[in-house]
Amino acid sequence: MRRIVRLILIIAFTVASYAAVPTPEQALGFPIGADRKLADWTQIRDYFRRLDAASPRIVVERLGETTLQKPMILAVISSPANLRRLEEYRRIQSVLADPRIKGEKIDGLIDSGKVVVLVTCGIHSTEVASPLTAVDLAYRLATSSAPETMEILEKVILLLVPSLNPDGTTLVAEWYRKTLGSEAEGTTPPQLYHPYTGHDNNRDWFMFTQKETRALVERVHQRWHPQIVVDLHQMGLYGARLFIPPFIDPIDPNVDPILQAQIADLGTSILASLVRSSRSGVVTNAMFDAFTPSRSYQHYHGGVRILMEAASARLASPVTVNTAQMKPTPDFDPTQPSWNFPLPWQPGIWRIGDVITYQREAVEACLLHAARFREEWLRGFRSVALNAVNRAQPYAFILPADQKDPQSLIDLLDILRLGQVEIERADNDFRASVTLLSSPYGKPGRSDFSRGSFVIRIAQPYGAFAKTLLERQNYRMPAGKGIRTPYDVTGHTLGLLLGVEVYQADQAFNLSTRPLREAVDKDYAKIAGEGGYCLFGHENNAFAILANRFLKSGTPVSWAPNGFQAEGKGFPPGTLMARFPGALPALQAIVGSLPVTVERVGKAPQLAWQDLRSPRIGLYQGFEPSADEGWTRWILERNEFPFRSLSDKDLRNGDLAAHDVIVFCSQEPKAIVQGLSAPYPEEYRGGIGNEGVARLKSFAEKGGVILLLGEACGLAKQMSPDAEDLGAGLERERFYIPGTLLKVAVNNRHPIGYGMPEEAAVMFESSPFFDPSFGLPVARYSRQDTVLSGWARGESLLAERSGLTETRIGQGAILMIGFRTQFRAQARATYKFLFNCLYYATTFRS
């Protein structure tokens, strides 16, 4: 009798608890999925806090702060019993992820472990449904007593991130409310929805540049090692209603075959579940590949990434789709059934509520699969880890300690360490049989390595992450389906992107090492000699920060147009000299922890030093958002360049002469000149206009410098008719290079080329290129072995063509960098071209 009474009391308490859980409508003021209703981040965050307080099935944790200091949160959802034992389950995950941990009974851990599923929402803020999907899903899991829900809660630990970009969630909601009922309803905001990266914020999963990326990696991936990551997105309107993996070819060969099979297994299971529920328009094995690690961190850390892309509405406003708008792709026809698209959607009205329903049901199907195949997921996870630690080829990667660019070496090491790659330092000099993977500054390669060199053995849990980032890519374009577009870039070799010397050793070698447990900046920070003249090299990317600090302090800075000797040492063209008579402590305060060598000498070497000033930079920022502009702002801030953002109005009416250089980031010239139009409100319409172009030309004629990056090079033709992009109009069947690392020859005696090697790798992403007879070329594409990493069609058309050129206009110049010199803050070896252009601009007029 007592047991019956106790059970009744428990049930009554549970029912009362769940009755106290607020509904989304009570908290947000509208039902989930209602037309023309969006929640901002404060509403969503507050709702999850209320769920935490009301439900024993949810615990909400703070992950950190966003770029604009908004709180990021993680909701951990499982049964109350599981939530009380989270530390135990985290330990089980850590042991299963690393087979080198001894003394554990693995079968017992698998018997008691749970499948960890991470669901991320809202990284692309104009894809507005998923934060609301997170709200809907969390409420249902917090309140439902359905058998399927109870099974999920018992066997799965769900890690739910309601928004990976809270700044953008609020920005888009506020813009939508502002324009609701106007002709601009449903338009995207006239600014980047991530302050720096815009739509590129989900391409940051191996460079880890942004606070939001690092928070998820450090606070979720590294702590929980999820078996499944579901990434909720939206796509175009006129095709499938939802994409589910498996992905199309190619998939990165560094992704374990077990994971590749699990992606297909789970994806087709979700597809079948949705079709059984009569959810039409779901496609698999179409459009999206899984080649680049920039979007697939988990593929190299023991788990699967399940991308879900739902068709969009106009933000939260419904749209009507007709049959004529549904266009076939190489993978499927949205009007006809096929094996990967078994149930076509009948065109009609599509609402945000539809997006939420499809997303939620797809996630629920994923969670149920994880629960019902709990043991298989955990054994597969363990098998992937065993494969990783038992891998024999290649044996290791070696990064010599004596790099020309210590800052880029440090950047590369930091990336690998954050990705949980284990790095060792050699205790002594050693020899190894190696293959050269990347060799900046013309080094022919070596087999002897000094003490302190960095060694990364492949036999470790996340060796695949190191391998995919360090080796050269060989992207296989799938055959038989026409001219396909790779979904993202095809070359991502970090040694080439950063300008770091990297070797691969296929055979084992004997070596005493010690683990690298901290940053090595201090190993490369050195002030030598005495005197009031400070010499520092241009090859090191940290040169710009140091030069900017000297200039900010009022210290005169110059660069050398020729090589020279000083106190028995040779220095190349571009070497910088700061006239700093202060004491050593004052110099140390300026240099700080920068990994640079400063050579102090007693007198200035005798040559025609060219004086520099702190560049007065104007950075164009129109109402037509450009992710490249956001990345450039981030790079300038990180490298301590002062700058001012210039609006369309500034270009039409402002004082351009107050600047040395005006920078236009990669963006179609039409977007720059014409800008936005109706239905945007009047204050956002129009670009710089023909008036702005004319004022730019006048600015250059009077000694100003215009720096055009990527697509913006097309703007030059409106000021200099001979500025032709030779790639314009070439058919894709003949010439197509969508994101590949190519080799260029550099004139490193030109100020723009200072500090660069004679041959360099550049990122070509459908980039403009020029006739070498136009202007003064600084970088030309090589005739042989042009493709260094990635895929290209028709690269022979680039031979000897210019990718970076200077053309004079009056007393000033237009500088055109066609390739992506600062691409996504990844192409750091070519930052020097950007930085040199900015300093060079200060030499045109006093």
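Modeller: Let us begin with pairing: two strands pair if DSSP finds at least two bridges between them. Helices (H or I, at least four residues) and strands (E, at least two) are themselves DSSP runs, numbered from the N terminus. Please keep in mind that this is a predicted model, in which local features need pLDDT of at least 70, side-chain atom pairs count only at pLDDT 80 or more, and totals for chains, interfaces and linings use all residues. Residues are numbered from 1 along each chain as its sequence is written, and side-chain values use heavy atoms, leaving out hydrogens and water.

Colleague: How do you know that strands S33 and S34 pair?

Modeller: Strand S33 (residues 740-746) and S34 are joined in the antiparallel sense by six bridges, and pairing asks for at least two. In S34, alanine 761 stands opposite lysine 743.

Colleague: What makes strand S34 largely enclosed?

Modeller: Buried means under 20% relative accessible area, exposed over 50%, and partly exposed in between (1.4 Å probe, protein chains only). Five of the six residues of S34 (residues 759-764) are buried, so the rest of the structure largely encloses this strand.

Colleague: Why is the contact of glutamate 599 with lysine 569 called a salt bridge?

Modeller: A salt bridge needs a side-chain nitrogen of Lys or Arg within 4 Å of a carboxyl oxygen of Asp or Glu. Here the closest N and O atoms are 2.9 Å apart, so the pair qualifies. Glutamate 599 lies in strand S27 (residues 597-601) and lysine 569 in strand S25 (residues 569-571), so parts 30 residues apart in sequence are tied together.

Colleague: What about arginine 633 and glutamate 629: what makes them a salt bridge?

Modeller: Their closest N and O atoms are 2.6 Å apart. They sit four residues apart in helix H19 (residues 627-638), so about one helical turn separates them. Arginine 633, at 12% relative accessibility, counts as buried, and glutamate 629, at 4%, does too.
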